[in-house]
Amino acid sequence: QVQPVQSGGGLVQAGGSLRLSCAASGRRISNYDMDWFRQAPGKERDLVAGVSWSGGRTYYAESVKGRFTASRDNAENTVYLQMNSLKPEDTAVYSCAARVPGRTEYVSWGQGTQVTVSS
């Protein structure tokens, strides 16, 4: 079982940038599609971005398209979420999650990391 461990996040002013990392222990992360979710207080958890096992395909929610970039370095067993032009509405707890390609259920989740964007 892959065990994702997140790093990054923190407090940034609007318009700034942050990069989240999700490093895997256990199995190789290259076996999994990796998705990024976020959950703001009082709201449901939303899928914001994803990257396929090979890195060849990515997905972005409309709210982050053009600002966020999901990528991966399978040699380093790590996936990334680069977040640029951050807005206060991006404030949330962000989590990475691993999914077997072609399946819909997630096999493991990162611990979550807080991103706070001040206006």
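Student: Which residue has a side chain joined to that of R38 by a polar contact of 2.9 Å?

Tutor: The model is predicted, and local features need pLDDT of at least 70, side-chain atom pairs count only at pLDDT 80 or more, while totals for chains, interfaces and linings use all residues. Residues are numbered from 1 along each chain as its sequence is written, and side-chain values use heavy atoms, with hydrogens and water left out. A polar contact is a pair of N or O atoms within 3.5 Å, where within protein one must be able to donate a hydrogen and the other to accept it, and residues adjacent in sequence count only if both atoms are side-chain atoms. The side chain that meets R38 in such a contact of 2.9 Å is that of D90.

Student: Is R38 buried or exposed, and with what relative accessible area?

Tutor: R38 sits in strand 4, residues 33–39, where strands (E, at least two residues) and helices (H or I, at least four) are DSSP runs numbered from the N terminus. Buried means under 20% relative accessible area, exposed over 50%, and partly exposed in between, with a 1.4 Å probe and protein chains only. R38 falls under the 20% limit and is therefore buried, its relative accessible area being 12%.

Student: Which residue does R38 meet in a side-chain polar contact of 3.5 Å?

Tutor: Contact means heavy atoms within 4.5 Å, and, leaving aside neighbours within four places in sequence, R38 has a list of such partners that includes E44, R45, D46, D90 and Y94. The list also includes S63, and the residue whose side chain has a polar contact of 3.5 Å with that of R38 is S63.

Student: What value does phi of N77 take?

Tutor: Most residues other than glycine have a negative phi. S85, in the loop between strand 8 and strand 9, has a positive phi near 50°. N77 is also a residue other than glycine with a positive phi, in its case near 60°.

Student: What separates the C-alpha atoms of K87 and T116?

Tutor: K87 is placed in the loop between strand 8 and strand 9 (92–99) and is partly exposed, with a relative accessible area of 35%. Not counting residues up to four places away in sequence, K87 touches R67 and V117. K87 and T116 are 29 residues apart along the chain, and their C-alpha atoms are separated by 9.2 Å.

Student: What separates the C-alpha atoms of A14 and K43?

Tutor: A14 is found in the loop between strand 2 (10–13) and strand 3 (18–25), and at 41% relative accessibility it counts as partly exposed. A14 touches L86, P88, V117, S118 and S119, residues up to four places away not being counted. A14 and K43 are 29 residues apart along the chain, with their C-alpha atoms separated by 21 Å.

Student: What is the radius of gyration of the protein?

Tutor: The protein has zero helices and 11 strands. For 119 residues the globule rule gives 14 Å, and the computed value is close to that, so the protein is as compact as a globular protein of that length. The rule is 2.2 Å times the number of residues to the power 0.38, and the radius is taken over C-alpha atoms; for this protein the radius of gyration is 13 Å.

Student: What percentage of the contacts with a separation of 6 or more comes from residues 24 or more positions apart?

Tutor: Buried residues make up 44% of the 119 residues, and the C-alpha atoms fill a box of roughly 40 × 25 × 25 Å along the principal axes. Among contacts with a separation of 6 or more, the share from residues 24 or more positions apart is 54%.
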